[in-house]
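User: Can you walk me through this model? I'd like the sheet, then a helix pair, then a loop residue.

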Amino acid sequence: MTQQFDGKVALVTGAAAGIGEATARAFAAAGASVMMADINQEAGARVAAAINEAGGKAAFVRCDVTRSDDVKHLVEQTVEQFGRLDFAFNNAGVELERAKLADGDEGIFDAIMDVNVKGVWQCMRQEIPVMVNAGGGVIVNTASVAGLGAAPAMSIYSASKHAVVGLTKSAAVEYGRRGVRVNAICPAVIDTDMLRRAVEDDPRKEEVHKSMHPIGRIGQPQEVAAAVLYLCSEGAGFTTGVALPLDGGYTAI
Ligand code: NAD
C-alpha cells in the first residue's frame, strides 16, 4: 500500500521529545524518511530506533540549532543519507522564563532568542537553497499563540515567537516563486515536557490551562503533528505565509 509521503524526506528539529517527536513519528508513519535533530542525543537516538523498529525510516543527528556548523552538517547529512529534502519542521524551542518583563534576565533573553529565533533562521538559511535547487519544498516553523498576542510572564518568549512569524512570512514571500512554501504553526497549550516544567511550581495552572481553551482541554502533540503534515501535503499547495493557530479556539475569543 502506498502512503501519502512515500519517497519524501522530512527533517525535524527538537525531535527528541514532545511536538517534534510526535511529528517525526507521524511523518514516518506516512511513509517519509525522517532526519531527526536535537541536543538530546540519548532521547533522539531512542526515538529514531523505535521508528526504525516499527518499520519506518529515521536517522538522528545531534544538532544544536543555534550553531551554524551543526545546522549545516544536519542539512548535509539529510541529503547524504536520504538523497533529498522535501519538508523541514523547524520546531526546537525553549521557554525558560518565569518573570514579568521588568524582572527579566539578560542571559535568559539571549538564550531564548538564540534558540527560538536564530535557530529557526539558521535552519531556513541552510534548508532553502537545497529546496530551491531541487525545484521546491515545504517549511513549517513552530511559533505559538504567544507569537500572535501577549504572553504574561513570558514576554521574551512572546517576542521570540512573533519573530518566528516574521521570519516565516518574509521567507514565504521571498521564495514563493521558487517553489518553497513556508508556514508557521501557533499552538496554544500542548501536553509536553515543556508544559510539565511550566506547571511544576504551580499545579493550579493545570486547571487554568484547561479552561483557557474554548474546547475545554489542552492539546495533544499528535494534533499538532497532524497539522504539520497537512501543511506539507499537496492539499495545502496554495497555503504559504500563514501563522496557523492550533489552539482549541483560544485566539477566537
Ligand atoms: P519539549 O521541551 O518537550 O521539546 C523541545 C525539544 O527541543 C527538546 O527535545 C529539546 O532537547 C530540544 N531543543 C531545545 N533546545 C535545542 C537546541 N538548541 N537545538 C536543538 N534542539 C533543542 O517542548 P515542546 O512542547 O515539544 O515544544 C516544541 C516547540 O513547540 C517549541 O518551539 C515550543 O516553543 C513550541 N510550543 C510549545 C507549546 C506547548 O504548550 N508545549 C505551545 C506553543 C509552542
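Analyst: We'll go through it topic by topic; note that this is a predicted model.

User: In what order do the strands of the open sheet run, and is the pairing parallel or antiparallel?

Analyst: The order is S3-S2-S1-S4-S5-S6-S7. The seven strands pair in the parallel sense.

User: Which strands stand at the edges?

Analyst: S3 (57-62) and S7 do. Each has a single partner strand, so one side of each lacks a neighbour in the sheet. On average, neighbouring strands are turned by 20 degrees against each other, direction ignored.

User: How many bridges join S1 and S4?

Analyst: Three bridges, linking S1 (residues 9-13) to S4 (residues 87-90). Leucine 11 has alanine 88 of S4 as its bridge partner.

User: And which strands does H3 touch?

Analyst: H3 (residues 68-82) packs on the sheet against S1, S2 and S3. Its direction makes about 155 degrees with that of S2.

User: New topic. How do H4 and H5 cross?

Analyst: The axes of H4 (residues 106-134) and H5 (residues 155-175) cross at roughly 15 degrees and come within 9 Å. An angle under 35 degrees counts as roughly parallel, so these two helices are roughly parallel. The crossing is right-handed.

User: Which residues make the contact?

Analyst: Among them are Phe109, Trp121 and Met124 of H4, and Tyr157, Leu167 and Tyr175 of H5. The contact residues divide into 17 nonpolar, two polar and one charged.

User: Last one. Is phenylalanine 238 buried or exposed, and why?

Analyst: Exposed, because 6 other C-beta atoms lie within 10 Å, and 12 or fewer counts as exposed. Phenylalanine 238 sits in the loop between H8 (221-232) and S7 (243-246).

Notes. Residues numbered from 1 in each chain as written. Predicted model: local features only at pLDDT ≥ 70, side-chain atom pairs only at ≥ 80, totals over all residues. Helix = DSSP H or I, 4+ residues; strand = E, 2+ residues; numbered from the N terminus. Buried ≥ 20, exposed ≤ 12 C-beta atoms within 10 Å, placed from the backbone. Axes fitted to C-alpha atoms, helices over the stretch in contact; angles between N-to-C directions. Parallel < 35°, antiparallel > 145°, perpendicular 65-115°, else oblique. Left-handed = near helix turned anticlockwise from the far one by under 90°. Contact = placed C-beta atoms within 7 Å. Nonpolar A, V, L, I, M, F, W, Y, C, P; charged D, E, K, R; others polar. Pairing = 2+ DSSP bridges.
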